[in-house]
Amino acid sequence: MRVEPRPLITVGLAVGYMAIVAITWIAVGTDYDTVGDSAANIVKGIVLPVALASAFTAAVTSYLGWWGPAIREDLGAPRWLWAVPVLMFLPGLGSVLGGIGPADRSASYLLALGVGTLLVGFGEEMLTRGTGLVGLRGGFREPMAWFFSCLLFGLVHALNLFFGQSFLSTVQQIAIAFVAGSVLYLTRRLAGTLVLCMLLHAWIDFTTFAFNDAAADAESPFGVLGFAQWLAFVLAIIGIVMVLRGSSDQRDDTPTAQPAI
């Protein structure tokens, strides 16, 4: 690594990422509540800002020389915890199998949404559980690195409050994002790579936008799969407690950490 990991670098990366998204949203006039209403809105509100922010993150990662530790994970987790990412995959699968939503979506809409959510999966995972996590591990033991990576994942979504999303919806989104961040953190440890986290993240966002008819979901025989997310959250909390008990000891052989700043 060209630059020694430090939490302050993660803070700077997060500020830069969010600033790029916010400035782009201001420039194009994004309203968060309507960002998924059309292909044009998706391109302006998701594809463009996240592509720019992701390019920034990739450039910073290259300069720091952190691609290896950002993408690759050396810490493991009990194999039974594979149930967590599998359960997180199921709600979207239930929506797809139920045919809820995309009947009124054009091919251009689904293409724009696919590109946009892949970019979100790449950008937000690199920010929070990739490059960002490397920086946090440079100043914190693993339990605090996990906590602050999930907190950052939640706070990234606080930006939506300033672009049309209600306060209560934003608070709920931050809380859910924190727990979902734990699911993705475990996925990184299980898979040994951040790539699967990116794909799972993109899948969740894609199916949430494309299959968002709650009434139809309730009528679908596959709608019951939506409850799998909450079971995933419960198991993720249990799994986090288990894996973090010994993580500090596992990282004792890593380079001496800088003071947490």
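User: Are tryptophan 25 and phenylalanine 163 buried or exposed?

Analyst: Both tryptophan 25 and phenylalanine 163 are buried. Keep in mind that this is a predicted model. For tryptophan 25 the relative accessible area is 8%, and it counts as buried because the limit is under 20%.

User: How do I describe the rings of tryptophan 25 and phenylalanine 163 as a pair?

Analyst: In general, a pair of aromatic rings is described by the distance of the centres and the angle of the planes. Here the centres of tryptophan 25 and phenylalanine 163 are 5.0 Å apart with the planes at 70°, so this pair is edge-to-face. The pair links distant parts of the chain, 138 residues apart: tryptophan 25 belongs to helix 1 (residues 7-28), while phenylalanine 163 lies in the loop between helix 6 (142-156) and helix 7 (167-191).

User: How many aromatic pairs does the structure hold?

Analyst: There are nine aromatic pairs. One of them joins tryptophan 25 to tyrosine 32, a tilted pair with 6.4 Å centre to centre and 55° between the planes. Elsewhere, Phe140, Trp146, Phe147, Phe148 and Phe178 make up one aromatic cluster.

User: Which ring does the charged end of arginine 129 sit over?

Analyst: The ring of phenylalanine 153, with the charged end of arginine 129 at 4.3 Å from its centre. Arginine 2 likewise has its charged end over a ring, that of tyrosine 63, 5.4 Å from the centre.

User: How many disulfides does the structure hold?

Analyst: A disulfide is a covalent bond between the sulfur atoms of two cysteines. This model has zero disulfides. Cysteine 150 is buried, at a relative accessible area of 0%, and cysteine 197 also counts as buried, at 0%.

User: Which residues of helix 8 are buried, and what do they pack against?

Analyst: Cys197, Met198, Leu200, His201, Ala202, Asp205, Thr207 and Ala210 are the buried ones. The partners of the buried residues in helix 8 are helix 3 (67-71), helix 4 (83-98), helix 5 (107-137), helix 6 and helix 7.

User: Which residues have the most contacts inside the largest nonpolar core?

Analyst: In soluble globular proteins, nonpolar side chains tend to be buried together. In this model the largest nonpolar core has 36 residues, and Leu81, Val84, Tyr185, Leu186 and Val243 have the most contacts inside it. Helix 10 (228-245) is among the elements giving two or more residues to this core, and its eight residues are the largest share. Apart from this core lies another, of 25 residues, including Ala14, Val21, Val47 and Leu127.

Notes
Residues are numbered from 1 along each chain as its sequence is written. This is a predicted model: local features need pLDDT of at least 70, side-chain atom pairs count only at pLDDT 80 or more; totals for chains, interfaces and linings use all residues. Side-chain values use heavy atoms; hydrogens and water are left out. Rings of Phe, Tyr and Trp (its six-membered ring) pair if their centres lie within 6.5 Å; planes under 30 degrees apart count as stacked, over 60 as edge-to-face and the rest as tilted. Buried means under 20% relative accessible area, exposed over 50%, partly exposed in between (1.4 Å probe, protein chains only). Helices (H or I, at least four residues) and strands (E, at least two) are DSSP runs, numbered from the N terminus. A charge sits over a ring if NZ of Lys or CZ of Arg is within 6 Å of the ring centre and within 35 degrees of the ring normal. A disulfide is a pair of cysteine sulfur atoms within 2.5 Å. Contact means heavy atoms within 4.5 Å. A nonpolar core is a set of buried Ala, Val, Leu, Ile, Met, Phe, Trp, Tyr and Cys residues joined through side-chain atoms within 4.5 Å.
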